[in-house]
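Me: Got a structure to go through with you. Can we take the sheets strand by strand?

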4 protein chains.
Amino acid sequence: MITFASDNVAGAAPEILEALTRANQGSAMPYGNDAITQRLEGRFREIFECDCTVLPVATGTAANVLSLSLLSPAFGAIYCHAGAHIHVDECGAPEFFTGGAKLVPLAGAGGKLEVAGLEAAIAGVGNVHSVQPAAISLTQASEAGTLYGLDEIAAIAELAKRHGLGLHMDGARFANALVGLDCSPAEATWKAGVQALSFGATKNGALGAEAVVVFEPELARDLPYLRKRGGHLFSKMRFLSAQLDAYLEGDLWLRNAAHANRLAARLSAGLCALPGASLSYPVEANEIFIRLPDAVADGLEAAGFGFYRWNPTLGELRMVTAFNSREEDVEALIATARRVAGLAAE
Amino acid sequence: MITFASDNVAGAAPEILEALTRANQGSAMPYGNDAITQRLEGRFREIFECDCTVLPVATGTAANVLSLSLLSPAFGAIYCHAGAHIHVDECGAPEFFTGGAKLVPLAGAGGKLEVAGLEAAIAGVGNVHSVQPAAISLTQASEAGTLYGLDEIAAIAELAKRHGLGLHMDGARFANALVGLDCSPAEATWKAGVQALSFGATKNGALGAEAVVVFEPELARDLPYLRKRGGHLFSKMRFLSAQLDAYLEGDLWLRNAAHANRLAARLSAGLCALPGASLSYPVEANEIFIRLPDAVADGLEAAGFGFYRWNPTLGELRMVTAFNSREEDVEALIATARRVAGLAAE
Amino acid sequence: MITFASDNVAGAAPEILEALTRANQGSAMPYGNDAITQRLEGRFREIFECDCTVLPVATGTAANVLSLSLLSPAFGAIYCHAGAHIHVDECGAPEFFTGGAKLVPLAGAGGKLEVAGLEAAIAGVGNVHSVQPAAISLTQASEAGTLYGLDEIAAIAELAKRHGLGLHMDGARFANALVGLDCSPAEATWKAGVQALSFGATKNGALGAEAVVVFEPELARDLPYLRKRGGHLFSKMRFLSAQLDAYLEGDLWLRNAAHANRLAARLSAGLCALPGASLSYPVEANEIFIRLPDAVADGLEAAGFGFYRWNPTLGELRMVTAFNSREEDVEALIATARRVAGLAAE
Amino acid sequence: MITFASDNVAGAAPEILEALTRANQGSAMPYGNDAITQRLEGRFREIFECDCTVLPVATGTAANVLSLSLLSPAFGAIYCHAGAHIHVDECGAPEFFTGGAKLVPLAGAGGKLEVAGLEAAIAGVGNVHSVQPAAISLTQASEAGTLYGLDEIAAIAELAKRHGLGLHMDGARFANALVGLDCSPAEATWKAGVQALSFGATKNGALGAEAVVVFEPELARDLPYLRKRGGHLFSKMRFLSAQLDAYLEGDLWLRNAAHANRLAARLSAGLCALPGASLSYPVEANEIFIRLPDAVADGLEAAGFGFYRWNPTLGELRMVTAFNSREEDVEALIATARRVAGLAAE
């Protein structure tokens, strides 16, 4: 089956698997005192052009909730988009790790937080009955497959700063976003005001590896303890770090993301040519949300193509391309869709 | 450097690394809906001869604290040995995951809990001011490298049952224990009264893979949610499950453990022949705690052998053999020690 | 100043103050083992016509969050009205006491939850990524001063039962509701499907006393420990219980509430006669939400009347009558408002 | 029955009950915005000769756990005496409110922490596997009825400072301690290095009133929110504050404590004259731990005197005098004991 249901159905990049084998030479000190982990932070610092703190973890949820627990007290409010992964897909992990902070879900076009909406929601400062505004979390690329422009991030960061709030970026698809934005990692994060980043690698080629990247040393002080008491410190850390190391090596992460983004653009363009097709959001990274006639969706499934029926009542589908999606599969999907829709081949 | 400092300095077993490559074929459903994970539970059920629930996680701390959160309410007391990993090496993770349970550390010869000590400690039932007795956690093999005999486990389980307490086994070195006990997995656990097992694989050849094994279906009901909200659910779960799958395949886990135990016995025997040597505990698995003259310890280090100076004031060293420790290294260490001690070669 | 800002600006009922003096005779066993506390549960059981469990606490927030912690696991979803006290006025206490449950705020006319809205919101059962539907909390009387009819409670309870959810009632103004409904305490609660009630007394005449009332023995099992570990167990409990005892004695609670409700009705009727006046919600207990011309509001303040400018942009005011509000003050307020509005005296 | 079982069996001081009646005049702003609460902090500041922050709560457990949550992170270690109330009598409340900190119980003669014991226990700084040393909590007067001398507190404070630890004092019987020490409140606390004090009033005459007193403004910053999210903020706060206000007025607190201490000294002296009597600890406040022949204990009970059989196997009794213990009851108890023991009247 050829599936575009999600980028987490993809396996691992061969370069990363090979790095595991290389990392398996001889003994290594545990818990991050190995050579690979030791050099990893340096590599991140070079890429992000600053003295960031970098702690590898194995899941995106772990990266998110550890980040949030740095930015919010137990009685804090964390503002996020109503569709944010931290709000709808983490089974209460943010509340758990922060000790009870409240996530405040906000509407926003294109899956993105808006300054006006944030401004309206931030309330209750100094009111002892109310959770206290603490942090903003934005997802880049967003859950709708769109990107915050650097100016949008900067505007949110300005608002955050004005209200004394922390700023977290859930970068489960950070590489895809970066490629889409065509800017430097530093510009996309701390230069725009981001304080803590969930740096995703799993969806883009790792087996299971993410990093909490914190751009202010003081903010990161408790992080090693929080990671450990969350059960997220690996004993054979080299195998976690080796994934991230290979991910960054030779810009594999950017090449992988560029491939996925390119195929998403192609797939999106091909499907948009169908009668009755309409994109729910602009395709700016590797996710496509598109409304297609049911007959087309049914025909694609019948032909063996997998995807996510995101909102069946609207006929909305989600398709996600990955680092290892194949060009021929994308072309085959488009050709099938055209045939089902009664169009000639391109 | 040839180090016996810990079994977590060892890399991964080649069979397990290869399984990752095999698991990397094609797409797979995420979050455990892949074929490898699906069959893994069946494999565990066969090995444990019961309908256990099995949830893979990446760290031993995660396995421990998820298990404990099934067995203790937030106002519970969890009885464990004073040297237990959950008490001294998990940075408060058990307290965090249980919502505030209190670990009650108990003395006990050979690193093992004793029925009399438990009986004396269990108190306060129904007293609203006191945390309520909830669970017992024993480590098998223990942190002292010793083993609870089946009769010892059964006696503790009887006490637990009598007091209405849950029984958890921290099996970070479960395979080493099983080989040492020479009994079946079922006999070593649920048949003796264990309700939840932290099934370790990392120290014995995995990259980072453990399993929470729960022997009563009702007890395991909330476990998937607790794992997720702890950030411990892998998206590309196949890579976690594949490690455990290969670990069990063809009894790799038992062969690896038998190797480590055999070398520990040889190493221990060799060192015990030195003048002034004395074992702190009987060597029943793959850990050796031995007091050696400082000159011997210094000489071994000078010769490039690594180990853990466990209690420097006592001259106590810890040496741990692993699945991939080499016989020639063990022999070389013994020979070096004899030479330093002024003995002839064996 | 004569203020109708809230019923918590009122002092204590003289009967309750006197009960404290009576309770101060001689020694008494602490922590609830005194005679007053011992008989209090019996009194509640008689009033509620069932073997309920009753635990006094000092604040409404404590009563609410202890109740909720009985009904929701840490990974649960608790559905409540968007204006619910537990959601907007308890600084994250429900999240804290439940260990991280997520409150799901819902819209609903008249400050009340609606079956359709609940039905639409309850989702994600068995989806490990989602918090699990656990409980519904309704406020009776509601934060808008309205009442759920018995049929409305029963319909919500039916839905709760069908989805396996617990049902909590925040009865900070339970007496006012009961008087408004003109039914028995049993009919208003467990007979309609309520499992746990925050029984309020503070707003209606106590100094600081509420009770957690649980209608199913098994559900209440952990409650004494949860109260204690929340710091909510009084040593000199007699002084807490005596307040509740006097509150129930001779139907003081119902008489107090009837008085407040009657004055609210009078005040509401008087103000509604003003040009430009409009009630935001029907006045069914002791709270009035009314839109008045700014000139009237200003004139009332200038004349020394206190109230809450609830929504200044709408000209919406909140006025609350209490057990000890004085008829002449109500009449004076109405007369002043008429004069400011240029109307003749009634 | 005349009981010396505990000082929490005593009722309330008449001056404090009367203050409640006085506080019940007219309306008052809720949640601490009333005149009594407003002036209370000033009164504390005068007494403690510094700009302390003062938050009233209703229970000693609440005061303790709120204090501790200011001083320890969730992954912290809190050192206390093995018999400390926070460790053995609060049902896990400290673990709950801190988010999982670990209490480290230490032995110590006379119920008091010792510098050497603390020094030996403080370990693991910077070790990510270990909870991090965070705070020391000492009880003054101690659970054994003894007092830390000012030099002893200063020595512990010096150690705390040297290790970067916070210092909390559980002053459930602070007034009794102060009278025993014959020093100023400032000398007994912040001048000796204490950062947060649980200021007890309940045992010494209040109905249920304590205060969290924090001596460093920055440290107290989050306290109002932590109190609220713990459910410990009173709406009709004036009734809580009025208790403390009357408690301090005209040195009632010190007079009450002096009375209790004096009777304890008399009772202790009287009983020590009996053959076979021996004090377990010096009587330095209002608690007596004494070993008496069983026949004497039985005889006292038969004559209607109540006390606590603290350690029956040792024949150890606890007797506690309170602010309202009567001189004639003390004399009667002594006379009865002498008669039972076969001694002539004094």
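Me: Strand β10 of chain C, residues 287-291: how many of the residues are buried?
Reply: 4 of the 5, so β10(C) is largely enclosed by the rest of the structure. Buried means under 20% relative accessible area, exposed over 50%, partly exposed in between (1.4 Å probe, protein chains only). This is a predicted model: local features need pLDDT of at least 70, side-chain atom pairs count only at pLDDT 80 or more, and totals for chains, interfaces and linings use all residues. Residues are numbered from 1 along each chain as written, chains are lettered from A and ligands numbered from 1 in written order, and side-chain values use heavy atoms, without hydrogens and water.

Me: Which strands pair with β10(C)?
Reply: Strand β9 (residues 278-279) of chain C, antiparallel, over 2 bridges. Strand β13 (residues 316-320) of chain C also pairs with β10(C), antiparallel, over 5 bridges. Pairing takes at least two DSSP bridges. Strands (E, at least two residues) and helices (H or I, at least four) are DSSP runs, numbered from the N terminus.

Me: Switching to chain B. What is the strand order in the sheet?
Reply: β9-β10-β13-β12, an open sheet with antiparallel pairing. The edge strands are β9 (278-279) and β12 (308-311), each pairing on one side only.

Me: Which helix packs on that sheet?
Reply: α12 (residues 252-272) of chain B, touching β9, β10 and β13 of chain B. Contact is heavy atoms within 4.5 Å. The direction of α12(B) makes about 10 degrees with that of β10(B). Axes are lines fitted to C-alpha atoms, for helices over the stretch in contact, with angles from 0 to 180 degrees between N-to-C directions.
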